[in-house]
Amino acid sequence: MRRLLAAALVLAVSPLASAQDAKAVTVRWFGQSFFQIQTSTGKKVVLDPHAIPEFGRPVVQADIITCSHWHSDHAQPEAVENAKAARIFYGLLEAKKGRQPDWAKIDEKVGQIHVKTFPLYHDADTGMTRGKNSAFIIEADGLRICHLGDIGHELTKEQVKAIGPVDILMVPVGGVYTVNGEQARNITKAINPRLYAIPMHYGVPGYDDLLPADEFLEGQKNVKKMPATNELVVPADMKADGYTVVLLGWKKDEVAPKK
């Protein structure tokens, strides 16, 4: 009798366990530094939305929108379809007359999603050239995702420690306005994300204002190129022996209609 009860209990619990095991975060890249993170419950976080014509001006939705700084290719919430209904976080305060905007200190929960900023600079001159920049750290489904915005300098040991553990890192690699490929490699190595490093803000065919990702990829051991999709699905319980560099396409290939 006890064995039958135990078996019944296992059958009753297993569907729930399977649902928990199926939790995953979906990361989508739309060119430049524009990402959408979708949680296992369907909530969507959009980071650094742009309206650059060369990237097709994608139509996306969001419950939360973050903008690392005020430059137009990082702060176009109107590019998000339902922006008026979304919670919007700006990494910098509005500029006061004659002064550079200061960092916004954000550390809030929106439902089950934790949104936090970390102060950085847009250049290697403590903001004297291009001003300030905020990294955004998003925590959802037990994963910690760090988007470095337009970081323009390498990190000190103190900064790496303050940022803390990262599962998925989004790092600019195209130089010109941010760190270059070599510096981005150093930053990635210092942060040492547990699962993935995703390069962003680099030149692609049709948009060559920035350098390509080649320099960043040099010497990287685990590189996965996924040019046919802009989507990466990350199981919440994923394990890894080291991070993989994932090079996404900035859009999904269109499926040809059946004849």
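**Aromatic pairs and nonpolar cores**

Me: Which residues do ring pairs link into a cluster here?
Reply: Ring pairs link Trp29, Phe35 and Tyr202 into a cluster, where rings of Phe, Tyr and Trp (its six-membered ring) pair if their centres lie within 6.5 Å, with planes under 30 degrees apart counted as stacked, over 60 as edge-to-face and the rest as tilted. This is a predicted model, in which local features need pLDDT of at least 70 and side-chain atom pairs count only at pLDDT 80 or more, while totals for chains, interfaces and linings use all residues. Residues are numbered from 1 along each chain as its sequence is written, and side-chain values use heavy atoms, leaving out hydrogens and water.

Me: How many aromatic pairs does that rule give?
Reply: The count comes to seven aromatic pairs; one of them, Trp29 with Phe35, is tilted, at 6.5 Å centre to centre and 35° between the planes.

Me: And Phe35, buried or exposed?
Reply: Phe35 counts as buried because its relative accessibility is 0%, buried meaning under 20% relative accessible area with a 1.4 Å probe and protein chains only.

Me: Switching topic, which residues touch the most other members of the largest nonpolar core?
Reply: Leu148 and Leu232 do, within a core of 59 residues, a nonpolar core being a set of buried Ala, Val, Leu, Ile, Met, Phe, Trp, Tyr and Cys residues joined through side-chain atoms within 4.5 Å.

Me: Which strand gives the most to this core?
Reply: Strand 8, residues 132-140, gives the most, with five residues; strands are DSSP runs (E, at least two residues) numbered from the N terminus. Apart from this core lies another, of eleven residues, among them Ala62 and Ile65.

Note on methods:
Buried < 20%, exposed > 50% of the residue type's maximum accessible area, 1.4 Å probe, protein only. Helix = DSSP H or I, 4+ residues; strand = E, 2+ residues; numbered from the N terminus.
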